[in-house]
Amino acid sequence: MWAGCSLSDFKQEYTVFAFTLLLYVLRSKMALTLVSSNKCAGGFQKVFEHESTELKCKMKFAVYLPPKAETDKCAVMYWLSGLTCTEQNFITKAGSQLGAAEHGIIIVAPDTSPRGCNIEGEDESWDFGTGAGFYVNATQDPWKTNYRMYAYVTEELPKLINANFPTDPEKMSISGHSMGGHGALICALKNPGKYKAVSAFAPICNPMQCPWGQKAFSGYLGPDRSTWEAYDATVLAASYSGPQLDILIDQGRDDQFLSASQLLPDNLIAVCSEKKIPVVFRLQPGYDHSYFFIYSFMNDHIKHHAKYLNA
């Protein structure tokens, strides 16, 4: 390849070769493997796997491509699921595809944590470790290397989606359920203007003050409670100074975790009222914490997002 080259020619050829190799490595890291594809509501519900640079493991995410995606760029709604979930819970139970097809919105639903990282204790409890990433960037051993779900959801995943699908990068929103509702709220509040809309089903609104949040934050972030504030929606709302953010929250009145003081929506609503952050909070009689509840009001949430994404 380099026979007969001068030193300067060699350096130039080597530089080109090294750059080409770097591009190949970067592209291979961004490569997606198709896991499944199903025709749905005129579009396609797909699941992909990839090597995550943030989480240092293979990750799966679901993406619904509406019929509009065949010819035009689409806005994207990110959905964050709750404790114990994978990407499958949302795409098989929430009934989001019809609304997404109607409004021309791509919906992306990642997994809820790194998996198979061989961390001691990662599978010992349902509300910490596997399936319970809590959408934070862990700072404590042994979690800090892999458990960086906040960076994954807000940075790595959007870049991956925008590089591989017909998206409008300027039009994205976020929603979620329970732990994922907490994730959606903090992502929107920590990144003013990044998300055009936010909504949540039964979100963990004040994790610093509830058993779920205290367990997760202690393990991932350590004992210094001041570091927890960066991932608490109620605390973040108190200092929010970005563009207007209209929040839609649905909460089942018969939700067992509401009565167990795990969700604490009143704390967030009080702060948002004081800060004049618009919140539509709907307490739905008879509904619990399950996907039956989510399915019942999913279309309302998609309409809420479409109002801002398609404006």
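A residue is taken as buried when its relative accessible area is under 20%, and Ser178, at 3% relative accessibility, therefore counts as buried in this predicted model. Confidence in the prediction averages a pLDDT of 94 over the protein, with 90% of the residues scoring at least 70. An exception is the stretch of residues 22-29, over which pLDDT stays under 50 and for which the model has two contacts beyond four places in sequence.

Ser178 is placed in the loop between strand E6 (167-177) and helix H5 (179-190), and, when neighbours within four places in sequence are left aside, Ser178 is in contact with Gly82, Phe201, Ala202, Pro203, Ile204, Trp212 and His289. His289, for its part, lies in the loop between strand E9 (279-284) and helix H10. With a relative accessible area of 10%, His289 is likewise buried, and its contacts, again not counting residues up to four places away in sequence, are with His177, Ser178, Ala202, Asp255, Gln256, Phe257 and Leu263.

The interior was examined next. In soluble globular proteins, nonpolar side chains tend to be buried together. The largest nonpolar core of the model has 93 residues, and those with the most contacts inside this core are Phe61, Trp79, Phe134, Ile174 and Tyr220. Helix H10, formed by residues 291-309, gives the most to the core, with eight residues. Ile174 touches residues that include Tyr78, Leu80, Val153, Ala184, Cys187, Ala188, Tyr195, Ala197 and Val198, as well as Ser199 and His305, where residues up to four places away in sequence are not counted.

A search of the whole structure finds zero disulfides. For Cys74, the closest cysteine sulfur is that of Cys40, at 15 Å, which is too far for a bond; Cys74 is moreover buried, with a relative accessible area of 0%. Cys117 is also in no disulfide, the nearest cysteine sulfur, that of Cys57, being 4.2 Å away, whereas a disulfide requires sulfur atoms within 2.5 Å. Cys117 has a relative accessible area of 17% and is buried.

Most residues other than glycine have a negative phi, and most peptide bonds are trans. Asp141 and Pro142 are joined by a cis peptide bond, with omega at about -5°, and Pro142 is found in the loop between strand E5 (105-110) and helix H4 (149-164). Positive phi values occur in Ser261, where phi is near 60°, and in Leu264, where phi is about 50° although the residue is not a glycine. Ser261 is found in the loop between helix H8 (256-259) and helix H9 (265-275), and Leu264 is likewise placed in the loop between H8 and H9. At 39% relative accessibility, Ser261 counts as partly exposed.

How values were computed. Residues numbered from 1 in each chain as written. Predicted model: local features only at pLDDT ≥ 70, side-chain atom pairs only at ≥ 80, totals over all residues. Heavy atoms only, no water. Core = buried A, V, L, I, M, F, W, Y, C linked by side-chain atoms within 4.5 Å. Buried < 20%, exposed > 50% of the residue type's maximum accessible area, 1.4 Å probe, protein only. Helix = DSSP H or I, 4+ residues; strand = E, 2+ residues; numbered from the N terminus. Contact = heavy atoms within 4.5 Å. pLDDT = per-residue confidence, 0-100.
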